[in-house]
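Open the model in a viewer and keep the selection panel at hand. The stops below say what to select and what is there.

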Amino acid sequence: MTDPAAALERAYREERAAVLTTLMRRLGGDLALAEDAVQDALLAAATDWPRAGVPARPGAWLTTTAWRKALDRIRRDRALAARLPALAGEDAVEFDFDHDVSSLDDDRLRLLFTCCHPALALEARIALTLRSVGGLAVDEIARALLVAPRAMEQRLVRARRKVSAARIPFRVPDDDLLPERLAGVLRVVYLIFNEGHTATAGPAIARGELCDEAIRLGRLLARLMPDDAETHGLLALLLLTDARRASRLGPDGDRTLWDRERIAEGVEAFERAARLRRPGPYQLQAAIPAVHAETPAWEETDWEQIAALYERLLGHDPSPVVAVNHAVAVAFAGRLEEGLALLAELDADRRLDRYQPFHAARAELLRRAGRTDEATTAYARAIDLTSNDAERADLSARQAAL
């Protein structure tokens, strides 16, 4: 017998985007109404499925239920009924939708560019797309953007309302508008991948479905923008990083577990970006896992080259996150005290106070320096900030080994 809770969780992850984009098409691109209706349908499923059983086609059930919920909202809300008069009086709640053969890929691209419209602030674009296209929870988005969950919830509400009120079109922009809209889209895909690569919470270090979703979106964008170097650079970065997913935990990693097909595809994307001769931050980031991919063993890694790449990246993106990675690379290149000094300089940045990788990196470098007491304290702080079970276990084991 199918477990209703597990089926609902799976449907949320696998079907939500299809349901949302289908409703948006039917509702003339009204994102706020579509989001509310999908949420209503998920709540209905949480009540109905344990009692009546999981439907044979959960996605189709959610789509039909969400459509009914949307019509109910329109009929109750005079402002909505005035804006969507053709739907306000519609009696037929069933509609044709082949959940196995749909226009989901095209719809996701439309939704991606809708959420990244320049009428929205950049932070709102990123947050809204992570929520609507990627299906991330509010706390996951808050972690990715280094803000409080309550503030993130308010930002999402405002962004959804603006999309609906401004009648932002549900479509891929014309060719002449694509370049100016692309930067925000690439950033969003990158952040979706980051949440998949290191999950906020749960039993596993990674959420493979989010990594796969980001890579799928990256491939779609690469086909849409074949002459944009940074689009191919981002795809290369995602593929080359994700190729190492199976060997994430542990001090060295088992390179025999790396996905050679993804590495080959990533190298091909990187080379295509390089041929376009327009370097940018995603290409610089992709060069870092490319160095790892070309190295047969951890001890042979060219950390000086990686440190130099991070230093160049700081010129494009002087963020504290890049600075943390640069400091670690400097330390691994044989300049341990210099790496620790760079981290010490970052200690005053309040944005890093709750950024777990900063404390984990500091703990690792302090351990290597033999400063056991400080390392123990830093590990404790990193563990306290970790919601992911696998990552917490790894950090706890490193702390215990001291």
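Select cysteine 115 to begin: with a relative accessibility of 0%, this residue is buried, where buried means under 20% relative accessible area, exposed over 50%, and partly exposed in between (1.4 Å probe, protein chains only). The model is predicted, so local features need pLDDT of at least 70 and side-chain atom pairs count only at pLDDT 80 or more, while totals for chains, interfaces and linings use all residues. Residues are numbered from 1 along each chain as its sequence is written, and side-chain values use heavy atoms, with hydrogens and water left out.

**Cysteines**

Stay on cysteine 115 and show its sulfur. The closest cysteine sulfur belongs to cysteine 116 and is 6.5 Å away, too far for a bond. Now select cysteine 211, which is also buried, at a relative accessible area of 0%. For the sulfur of cysteine 211, the closest cysteine sulfur is again in cysteine 116, at 19 Å, which is too far for a bond. A disulfide is a covalent bond between the sulfur atoms of two cysteines. Here the term is applied to a pair of cysteine sulfur atoms within 2.5 Å. How many disulfides does this rule give? The count is zero.

**Helix 11 and helix 12**

Select residues 208-224 for helix 11 and 229-242 for helix 12. Helices here are DSSP runs (H or I, at least four residues) and strands are E runs of at least two, numbered from the N terminus. The two helices pack at an angle of about 155 degrees, with axes 9 Å apart. Axes are lines fitted to C-alpha atoms, for helices over the stretch in contact, and angles run from 0 to 180 degrees between N-to-C directions. Helix 11 and helix 12 are therefore roughly antiparallel; angles under 35 degrees count as roughly parallel, over 145 as roughly antiparallel, 65 to 115 as roughly perpendicular and the rest as oblique. Their crossing is left-handed, a term for a near helix turned anticlockwise from the far one by less than a right angle, with clockwise giving right-handed.

Ala, Val, Leu, Ile, Met, Phe, Trp, Tyr, Cys and Pro count as nonpolar, Asp, Glu, Lys and Arg as charged, and the others, Gly among them, as polar.

**Helix 16 and helix 17**

Move to residues 320-332, helix 16, and residues 336-346, helix 17; they pack at about 160 degrees with their axes 7 Å apart. That angle makes helix 16 roughly antiparallel to helix 17. This crossing is left-handed. Pro320, Ala323, Val324, His326, Ala327, Val330 and Ala331 of helix 16 meet Leu336, Glu338, Gly339, Leu342, Leu343 and Leu346 of helix 17. The contact holds 10 nonpolar residues, two polar and one charged.

**Helix 2 and helix 9**

Select helix 2, residues 31-52, together with helix 9, which spans 149-165. Their packing angle is about 125 degrees and their axes are 7 Å apart, so the pair is oblique. Leu31, Ala32 and Glu35 of helix 2 touch Arg160, Val163 and Ser164 of helix 9. Three of these residues are nonpolar, one is polar and two are charged.

Next comes helix 8, residues 138-145, in which Val138, Glu140, Ile141, Ala142 and Leu145 are buried. Their cover includes helix 1 (4-26), helix 7 (122-132), helix 9 and helix 10 (178-197).

Most residues other than glycine have a negative phi. Arginine 167 has a positive phi near 55 degrees; select it in the loop between helix 9 and helix 10, where it is exposed at 58% relative accessibility. Arginine 277 has a positive phi of about 55 degrees and sits in the loop between helix 13 (260-275) and helix 14 (281-293). Its relative accessible area is 73%, which counts as exposed.

**Alanine 382**

Finish at alanine 382 in helix 19, residues 372-384. Is alanine 382 buried or exposed? Its relative accessibility is 0%, so it is buried. Leaving out residues up to four places away in sequence, alanine 382 touches Gln356, His359, Ala360 and Leu395.

Conventions. Contact = heavy atoms within 4.5 Å.
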